[in-house]
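Q: Hi! Could you walk me through this one while I have it open on my screen?

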Amino acid sequence: QVQLVESGGGLVQPGGSLRLSCAASGNIFTIYTMAWYRQAPGKQRELVASITDGGDTDVAESVKGRITISRDDGKNTVYLQMNNLKAEDTAVYYCYADVKVTLGFFRRDCWGQGTQVTVSS
């Protein structure tokens, strides 16, 4: 069993900043790619940014230049630093991790419960 717990969401004014965190815990042998997705009302879930275990990152064009993804493998945690936030960034943000679990060494796609980010004046 692997749990992903997100934190850091909330209400912010346009132009403001937020830092999301997602901590993984449980029967973890290793974590490969970690990522952040978001889903706005009435829209499909979309990838915001990802980071491999080697540190390679990929950021969606819509947020490039405003968002940075990073990870701390010692803490099994991934971060999303969001700057110059816009109304269109309003969504539920979900954490994702590709995890090899200790029991059987199977790989699992793991998701957090989501954290709301609202950008509004």
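Predicted model: local features only at pLDDT ≥ 70, side-chain atom pairs only at ≥ 80, totals over all residues.

A: Happy to. One cut-off to start with: buried means under 20% relative accessible area.

Q: Noted. How many helices and strands are there in the chain?
A: The chain has zero helices and 11 strands. Read along the sequence, that gives the pattern β-β-β-β-β-β-β-β-β-β-β.

Q: And the overall dimensions? What does the C-alpha trace span along its principal axes?
A: The C-alpha trace spans about 50 × 25 × 25 Å along those axes. The radius of gyration is 14 Å, which agrees with the value near 14 Å for a compact globule of 121 residues.

Q: What percentage of the residues count as buried?
A: Of the 121 residues, 41% count as buried. As for contacts between residues at least 6 apart in sequence, 56% of them join residues at least 24 apart.

Q: Let's do the sheets. What is the strand order in the open sheet of four strands?
A: The order is E1-E3-E8-E7, and the pairing is antiparallel. Strand E1 (2–7) and strand E7 (67–72) are the edge strands, each pairing on one side only. From one strand to the next, the twist averages 15 degrees.

Q: How many bridges join E1 to E3?
A: Six bridges join E1 to strand E3, residues 18–26, and the two run antiparallel.

Q: Which residues make up the covered face of E11, and which the uncovered one?
A: Thr-115, Val-117 and Val-119 form the covered face, while Gln-116 and Thr-118 form the uncovered one.

Q: Switching to the inside. Which residues touch the most other members of the largest nonpolar core?
A: Trp-36, Leu-80, Met-82 and Tyr-93 do, in a core of 32 residues. Elements giving two or more residues to this core include E1, E3, strand E4 (28–39), strand E8 (77–82) and strand E9 (91–101). E9 provides the largest share, six residues.

Q: Take Met-82. What is it in contact with, leaving aside its neighbours within four places in sequence?
A: Met-82 is in contact with Gly-16, Ser-17, Leu-18, Leu-20, Arg-66, Ile-67, Tyr-93 and Val-117.

Q: OK, cysteines. Which ones form a disulfide?
A: Cys-22 and Cys-95 do, with their sulfur atoms 2.1 Å apart. The structure holds one disulfide. The link is left-handed, with -85 degrees about the S-S bond. Cys-22 sits in strand E3 and Cys-95 in strand E9, so the pair links distant parts of the chain, 73 residues apart.

Q: Are those two buried or exposed?
A: Cys-22 counts as buried because its relative accessibility is 0%. Cys-95 is likewise buried, at 0% relative accessibility.

Q: Why does Cys-110 count as buried?
A: Because its relative accessibility is 9%, and the cut-off for buried is under 20%.

Q: Last topic, loops. Where is Gly-42, and is that residue buried or exposed?
A: Gly-42 lies in the loop between E4 and E5. Gly-42 is exposed, with a relative accessible area of 88%. From Gly-42 to Ala-24 is 28 Å, C-alpha to C-alpha, although they are 18 residues apart in sequence.

Q: What should I look at in the backbone angles?
A: Two asparagines. Most residues other than glycine have a negative phi. Asn-76, though, has a positive phi of about 50 degrees. Asn-76 lies in the loop between E7 and E8, and is partly exposed at 25% relative accessible area. Asn-84 also has a positive phi, near 50 degrees. Asn-84 is found in the loop between E8 and E9, and counts as partly exposed because its relative accessibility is 43%.

How values were computed. Residues numbered from 1 in each chain as written. Heavy atoms only, no water. Pairing = 2+ DSSP bridges. Axes fitted to C-alpha atoms, helices over the stretch in contact; angles between N-to-C directions. Core = buried A, V, L, I, M, F, W, Y, C linked by side-chain atoms within 4.5 Å. Buried < 20%, exposed > 50% of the residue type's maximum accessible area, 1.4 Å probe, protein only. Contact = heavy atoms within 4.5 Å. Disulfide = S-S within 2.5 Å. Rg over C-alpha atoms; globule rule 2.2 N^0.38 Å.
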